[in-house]
Amino acid sequence: MATVEDSAHLPHDAHGKPGGWARWVYATNHKDIGTLYLWFAFAMFISGGVMALAIRAELFMPGLQFWQPELFNQLTTLHGLVMVFGAIMPAFTGLANWMLPLMIGAPDMAFARMNNWSFWLLPPAALLLMLSFWVPGGAAAAGWTLYAPLSTQGGMGMDLTIFAIHILGVSSVMGAINIVVTVLNLRAPGMGLMQMPMFAWASLITAYLIIAVMPVLAGVVTMVLTDRHFGTHFFNAAGGGDPVMYQHIFWFFGHPEVYIMALPAFGIVSQVIPTFARKPLFGYASMVYATASIAILSFMVWAHHMFTTGMPATAQLFFMYATMLIAVPTGVKVFNWVATMWEGSMTFETPMLFAIGFVMLFTIGGLSGVILSVAAVDVQLQDSYYVVAHFHYVLVAGALFSLFAAVYYWFPKMTGKMYSEGLGKLHFWWSLLWFNVTFFPMHFLGLAGMPRRIPDYALQFTDFNAISSVGAMMFGLGQLIFFYNMVRSIRHGKEAPQLPWEGANTLEWKIPTPAPYHSFVEAPELKAGDNGVILSMQGGEHH
Amino acid sequence: MPPVLPVLLLAVLAPPAVLANQLNLQTPVTSVARDVYDLHTLLLYITIAIVVAVFGVMFYAIVRHRKSAGHQAKQFHENTTVEVIWTVVPLLILVGMAWPATRVVLAQKQTRGEDMTVKVTGYQWKWQYDYLDDGVAFMSHLSTPRDGTLKTAGGPYLLEVDEPLVVPVGQKVRLLLTANDVIHSWWVPAFGVKQDAIPGFVREAWFKADKPGTYRGQCAELCGKDHGYMPIVVEVKPEAEYARWLTAKKAQLAAQADDPAKVWKLDEAVRRGEEVYRKNCVACHMEDGKGVPGTFPALAGGAITTGPVAAHIDIVLNGSRKNAAMAAWGKQLSDTEIATVITYERNAWGNRDGKVVQPKDIKAARGGQA
Amino acid sequence: MQSHEVADNGHGADAAARQTRYYVPSPSRWPLVGALALFFLGLGAAFALNGVLIGPWSLAIGAAILVWMLIGWFGDVVRESRAGAYRAREDMSFRWGMGWFIFSEVMFFAAFFGALYYVRVISVPELGDAAHKLLYPDFNPAWPLVTAPGLPAGYQAMGAWGLPALNTAILLTSGATLTWAHWALLAGRRSRLLAGLGATVLLGVLFLLLQAYEYRHAMHELGLTFASGAYGMTFYMMTGFHGLHVLVGTLILAVIWLRVARGDFDARHHFGFEAAAWYWHFVDVVWLLLFVFVYWL
Ligand code: HEA
Ligand code: HEA
Ligand code: CUA
Ligand SMILES: [Cu+2]
């Protein structure tokens with residue numbers, strides 16, 4: 001009887017750890033691939049961050065100091081693209097890769113080999129993007145939103161960007177399919193859907209959003225491509241097309257995209273806060289429903305990015321109401337987190353600090369979002385620095401802070417070492433301070449009338465821009481603390497105990513630390529409560 | 001390296017800069033802008049209240065319910081009553097926000113009942129104003145010198161134009177917006193108006209300014225290289241002054257109008273052409289005619305500018321078929337302007353054609369393709 | 001050799017739930033090779049579109065690597081399948097995976113259907129409305145759009161009831177022959193299976209040939225090109241992407257035919273066949289929508 005285990009010509013499914021570079025480039029192990037994702041995302045964060053600093057340097061004072069306007073636009077465009085598609089999304093995918101199988105008792109991701117392809121498509125795409133700075137005409141300069149018809153102008157850099165987006169799309173759709181199938185099909189017995197950790201729910205719903213909208217982005221940039229080179233008129237009135245159609249299709253992707261960068265953050269925070277409050281997550285079921293509602297609503301609000309395009313009043317009002325409605329499920333989440341802290345027994349290690357920072361600053365960003373959603377007011381604020389302030393509150397203090405929380409939280413599990421708590425706390429307080437110095441003044445700039453995406457500005461905007469630029473440099477410097485802490489702790493950190501966090505009780509903490517190369521080769525029998533809390537576990541072989 | 005210190009001092013110490021460190025929306029001068037201002041204030045108070053309430057509770061918990069304070073965790077994790085409350089209360093707050101907002105949105109859309117109509121066309125990177133009722137039309141360009149330092153031509157840095165839009169006070173001005181190349185956005189904060197100008201489509205907006213004065217804004221939609229350099233200046237004048245301005249403007253335009261039958265001599269054509277070039281072409285082909293390598297071709301020693309004149313006329317008149325950035329200037333410039341700018345390009349930066357392209361040549365070229 | 005190892009695992013959801021181990025493939029070079037292929041393709045396409053000489057070369061290299069990767073990768077999959085690596089739970093993963101992949105394809109086409117909807121219902125009527133008389137005094141916004149605000153007239157729309165209707169019949173028939181083949185597979189009738197599959201492949205090829213003929217007709221006799229305004233662009237973009245999918249589907253079915261001829265698949269164990277069939281039916285449904293919204297209405 002030919003079973004897998006004794007089949008001679010089939011590689012054994014629990015192969016050991018391959019050595020050298022082959023371990024990484026040929027990887028099929030979810031932990032290795034997760035590690036690759038995380039390092040790649042960090043490298044992209046640095047690249048995008050350096051572009052941000054280049055932007056802030058130019059804006060430190062009025063006049064043109066460093067870059068010509070064309071290059072400035074390229075920097076803005078690539079900063080947005082690199083951060084969104086290179087840093088935040090891959091970082092979340094990397095975490096999902098690392099932690100999902102451990103949290104739900106799966107031996108690996110459902111399609112381990114395809115998983116590797118999802119990762120290895122990222123470096124070529126990043127290369128195409130970066131390369132575009134050096135081709136004649138430079139990189140894409142139409143903003144990360146690539147609005148037509150501006151994106152039908154411009155040289156080869158725009159085409160490279162379009163193909164990079166295609167590749168990124170393939171990568172993230174495959175990564176998302178992997179996540180969906182892993183969650184739906186590889187849960188260990190006893191881990192029902194309504195027992196999964198919130199992080200698994202968040203990853204599942206995020207992956208669903210990715211599969212639904214990345215192909216739409218691929219479609220719309222393909223239309224830009226044919227408008228550029230094959231004579232079509234999708235975004236040109238001369239042939240019956242419409243530039244505004246680009247925006248509709250783009251934002252049908254774009255708005256769910258911003259939740260793709262927010263839902264996994266919600267998931268992380270929903271793991272971290274209960275751990276350090278030593279108390280179960282409040283309102284688990286309502287958290288699940290709220291996350292799903294946000295995802296569904298996110299398909300119905302896209303035109304809030306288009307309040308100044310001149311839509312009819314009825315459309316204006318529909319999208320305004322639908323957008324405001326998202327505050328309700330998001331509010332439920334915020335209240336649930338606060339209720340989880342209430343009457344807890346809290347300690348404030350670095351992951352908890354970042355999680356609390358997240359809750360505060362994300363809420364502020366969410367509330368400025370609600371102000372923007374009010375169409376009448378958005379007319380004054382659209383395409384001003386107020387919007388820049390809004391989305392850096394939800395993206396930097398939201399997505400990025402949650403990522404820091406996650407990395408600190410799972411660092412012992414991943415590496416078997418403890419990070420330096422002192423440096424972690426320094427990193428948090430430093431980031432918190434300079435983040436606000438950088439981005440809070442942008443609200444004032446936007447209200448006062450400073451447009452975004454400009455390399456030079458009128459004198460009355462000088463002071464706040466100077467403050468913001470100083471803040472950005474200091475914020476960036478602070479990330480070196482993080483980098484140093486990680487590298488040093490991986491090399492010389494203290495050995496982590498099996499359970500570094502007293503309140504942690506999900507499945508990943510029931511296996512050895514660091515996580516063995518192959519976990520759950522044999523599925524464990526679980527008894528689980530809400531939010532993936534493991535009440536009992538039997539079996540589950542590792543090596 | 002620019003003179004950092006003086007620039008900084010100027011920026012920090014200049015009284016207007018300090019005074020204008022404003023924290024809120026600009027002072028409104030139309031009813032819509034006032035409504036928006038008040039609505040924003042309302043929203044701001046509501047959100048501040050939410051922040052205070054939510055974080056009040058959270059910080060109370062952080063201070064009191066911490067392990068180091070000896071607090072033991074309670075293990076509750078559900079309570080239907082509070083969950084219903086914190087779903088319904090935000091919903092009610094939102095209804096409270098949406099109600100006044102709906103009114104303002106409808107007011108913003110109320111473009112008819114106008115006293116006058118101006119067609120606004122966005123170009124890379126200037127605005128054209130076309131007084132549809134009076135037959136007056138002109139282009140409005142940035143007038144701040146563009147050498148990277150903080151010189152101005154007599155107005156606020158980057159917010160000054162050669163020809164502002166002039167309108168009478170207290171009259172409802174309806175704007176019909178469109179664009180020629182890419183999307184631009186016409187934004188004057190004091191009026192509460194921001195409306196994208198979409199190429200090939202017409203959009204509407206309106207304002208009725210209560211107070212005479214000069215109001216400034218900027219293009220708000222990324223429109224390429226000089227997006228940061230296409231300001232909007234509106235001068236609101238008392239009725240009588242406006243009437244005087246309009247008469248004067250008409251007279252001035254009539255006087256400036258070139259006689260299309262005129263036969264130009266080389267030096268005067270080059271002089272006139274240089275003016276046209278500075279207004280329309282420098283942004284891409286640059287002062288020295290060298291362009292921006294890889295993006296905008298050099299005209300100094302260029303194949304077309306030194307080749308047969310027909311191809312030169314064709315590309316300026318009809319634009320480039322390969323690259324939409326080179327627009328069909330025939331739609332915006334007169335025969336004389338096109339003839340002289342071509343003459344200029346063929347006789348500048350070392351190009352030595354020596355011949356003069358005449359307006360009638362352009363007229364002929366236009367006729368040929370109509 | 002495929003029938004026995006499934007016996008102890010059974011089939012379907014119950015068996016999947018009972019299965020405690022899951023097959024994790026060993027390290028593989030194919031993903032990296034595939035990434036390299038897409039890199040060369042992306043780079044080459046951008047270069048070729050901008051007239052850079054190495055563009056076509058890079059495209060060719062990328063395509064060659066891609067083919068190599070597909071053969072190698074699917075070869076591994078087939079080998080693993082024959083060796084019995086894929087049991088009930090792996091099978092279930094494949095089903096979910098294929099389902100979600102098709103969902104992503106649905107959304108890709110949705111972008112273009114959205115564009116079609118938008119030009120037909122929003123932008124073209126708007127360009128012809130009263131406000132736009134200011135810009136286009138003579139534009140007539142009827143669909144199919146055979147003029148456009150800024151284009152010279154001189155092309156005609158494609159009718160629905162000639163070739164397109166025939167092609168609809170062909171695709172529907174191919175769906176039926178494929179289902180017939182599936183029944184044969186379930187009943188263990190291999191030669192009928194081969195005949196049904198073979199007929200499906202041939203119908204796919206016939207469809208493609210007719211579509212090529214239709215394009216020729218449209219370009220040469222109707223003057224309809226990619227650049228013919230809102231009608232031409234949506235027509236070619238949508239039928240073109242659909243045609244590409246038919247081509248890929250036909251190739252997949254042809255490969256499945258070869259595998260059947262070689263003796264692969266049996267009544268319980270034939271996910272590869274089913275995936276191809278799902279894909280084919282999906283392409284069919286897209287065609288029906290195209291027929292209604294692009295050709296007919
Ligand atoms: C992680 C990313 C993220 C997230 C989560 C959000 C969340 C939200 N965003 Fe944001 N947004 C962006 C990223 C994000 N956004 C980006 C990148 C852009 C700019 C893109 C570009 O142009 O380049 C943008 C732009 C943007 C605009 C367009 C602005 C413009 O260009 O004119 C609008 C307008 O409606 C908006 C609204 C909202 C709203 C209502 C939410 C809501 O989801 C927020 C909900 C949260 C809360 C409200 C706080 C918690 C709730 C409570 C405490 C309950 C009580 C509250 C009330 C009763 C109000 N966003
Ligand atoms: C998705 C996430 C994301 C993240 C994390 C960031 C992070 C940052 N962003 Fe980003 N931003 C966007 C997404 C993001 N941004 C998007 C989508 C846009 C819109 C683009 C568009 O308009 O098209 C935008 C636009 C944008 C603008 C507006 C540009 C314009 O309109 O012209 C500005 C201006 O200040 C800015 C600043 C910053 C800064 C200072 C950071 C900082 O947080 C970065 C901090 C990180 C580092 C600095 C790097 C790491 C550290 C080192 C390398 C150490 C060395 C450092 C020193 C020596 C100092 N961003
Ligand atoms: Cu015009 Cu920005
Ligand atoms: Cu949005």
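Good morning. I begin with the contact between chain B and chain A, which takes 98 residues from chain B and 100 residues from chain A, where contact means heavy atoms within 4.5 Å. The model is a predicted one, in which local features need pLDDT of at least 70, side-chain atom pairs count only at pLDDT 80 or more, and totals for chains, interfaces and linings use all residues. Residues are numbered from 1 along each chain as its sequence is written, chains are lettered from A and ligands numbered from 1 in the order in which they are written, and side-chain values use heavy atoms, with hydrogens and water left out.

Chains B and A bury about 8,600 Å² between them, and carbon and sulfur atoms give 68% of that area. Buried area here is the accessible area (1.4 Å probe) that two parts lose on being put together, summed over both. On the side of chain B, Trp86(B), Lys194(B) and Leu222(B) supply 8% of the area that this chain buries against chain A, more than any other three residues.

Chain A also meets chain C. That contact draws on 77 residues of chain A and 71 residues of chain C. The area buried between these two chains is about 6,500 Å², with 73% of it on carbon and sulfur atoms. Arg113(A), Trp117(A) and Asn185(A) supply 12% of what chain A buries against chain C, more than any other three residues.

One residue of chain C deserves attention here. Trp73(C) lies in helix H4 (residues 54-82) of chain C; helices (H or I, at least four residues) and strands (E, at least two) are DSSP runs, numbered from the N terminus. Is Trp73(C) buried or exposed? Its relative accessibility is 11%, so Trp73(C) counts as buried. The cut-offs are under 20% relative accessible area for buried and over 50% for exposed, with partly exposed in between (1.4 Å probe, protein chains only). Not counting residues up to four places away in sequence, Trp73(C) touches Arg113(A), Met114(A) and Trp117(A) as well as Trp30(C) and Pro31(C).

As for chain C as a whole, its secondary structure comes to nine helices and zero strands. Of its 297 residues, 52% count as buried. The C-alpha trace of chain C spans about 75 × 45 × 35 Å along its principal axes. Among its contacts between residues at least 6 apart in sequence, 73% join residues at least 24 apart.

I turn now to the ligands. Which chains surround ligand 1? Residues from chains A and B do, so the site is shared between chains. There are 33 residues around ligand 1, and Trp144(A), Tyr259(A), Asp378(A), His390(A) and Arg452(A) come nearest; a residue is near a molecule if one of its heavy atoms lies within 4 Å of it. Among the polar contacts (pairs of N or O atoms within 3.5 Å), a polar side-chain atom of Tyr259(A) lies 2.3 Å from an oxygen atom of ligand 1. A polar side-chain atom of His390(A) lies 2.9 Å from a nitrogen atom of this ligand. Ser373(A) contributes through a backbone N or O atom, 3.3 Å from an oxygen atom of ligand 1. The elements that give two or more residues to this shell include helix H12 (327-341) of chain A and helix H4 (80-108) of chain B. The largest share, eight residues, comes from H13(A).

By class, the shell around ligand 1 has 20 nonpolar, eleven polar and two charged residues. Ala, Val, Leu, Ile, Met, Phe, Trp, Tyr, Cys and Pro count as nonpolar, Asp, Glu, Lys and Arg as charged, and the others, Gly among them, as polar.

Ligand 2 is surrounded by 33 residues, the closest being Arg56(A), His79(A), Trp144(A), His392(A) and Arg453(A). An N or O atom in the side chain of Arg56(A) is 2.9 Å from an oxygen atom of ligand 2, and a polar side-chain atom of Thr76(A) lies 3.0 Å from an oxygen atom of the ligand. His392(A) places a side-chain N or O atom 2.8 Å from a nitrogen atom of ligand 2. The shell around ligand 2 divides into 22 nonpolar, eight polar and three charged residues.

Finally, Ser151(A) is found in the loop between helix H5 (122-131) and helix H6 (156-185) of chain A. Ser151(A) is buried, with a relative accessible area of 0%. Leaving aside neighbours within four places in sequence, Ser151(A) is in contact with Ala142(A), Leu146(A), Met158(A), Val224(A) and Arg228(A). Thank you.

How values were computed. A polar contact is a pair of N or O atoms within 3.5 Å; within protein, one must be able to donate a hydrogen and the other to accept it, and residues adjacent in sequence count only if both atoms are side-chain atoms.
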